[in-house]
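Thanks for coming. I have one chain to go through today, so please look at the screen.

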Amino acid sequence: MRQETLTAHTTANGATHSPHDGVPYTLAYIVTDFIEHDRHHQQQVDGVLGTKS
């Protein structure tokens with residue numbers, strides 16, 4: 001994938017910027033944010049199960 005593809009501004013559900021920090025949406029930003037979101041939920045699951053990933 002070309003660097004320009006990852007860093008080009010885009011929209012998510014019609015929004016051009018993240019409502020949390022005001023950063024313009026790019027594919028790299030969205031993927032990174034999604035990974036962090038999943039890690040948060042993994043920590044929640046680990047807490048319930050008493051495990052660590």
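Which residues does Thr26 touch, not counting residues up to four places away in sequence? They are Leu6, Thr7, Ala8, His9 and Thr10, where contact means heavy atoms within 4.5 Å.

Some ground rules. This is a predicted model, in which local features need pLDDT of at least 70, side-chain atom pairs count only at pLDDT 80 or more, and totals for chains, interfaces and linings use all residues. Residues are numbered from 1 along each chain as its sequence is written, and side-chain values use heavy atoms, with hydrogens and water left out.

The chain has two helices and zero strands; these are DSSP runs numbered from the N terminus, helices being H or I with at least four residues and strands E with at least two. Thr26 sits in the loop between H1 and H2. Its relative accessibility is 11%, so Thr26 counts as buried; buried means under 20% relative accessible area, exposed over 50%, and partly exposed in between, with a 1.4 Å probe and protein chains only.

Gly14 is placed in the loop between helix H1 (3–7) and helix H2 (27–49). Gly14 counts as exposed because its relative accessibility is 67%. From Arg2, Gly14 is 12 residues away in sequence and 24 Å away in space, C-alpha to C-alpha.

Ile35 lies in helix H2 and is partly exposed, at 40% relative accessible area.

Now the whole chain. Of its 53 residues, 9% count as buried. The C-alpha trace spans about 40 × 25 × 15 Å along its principal axes.
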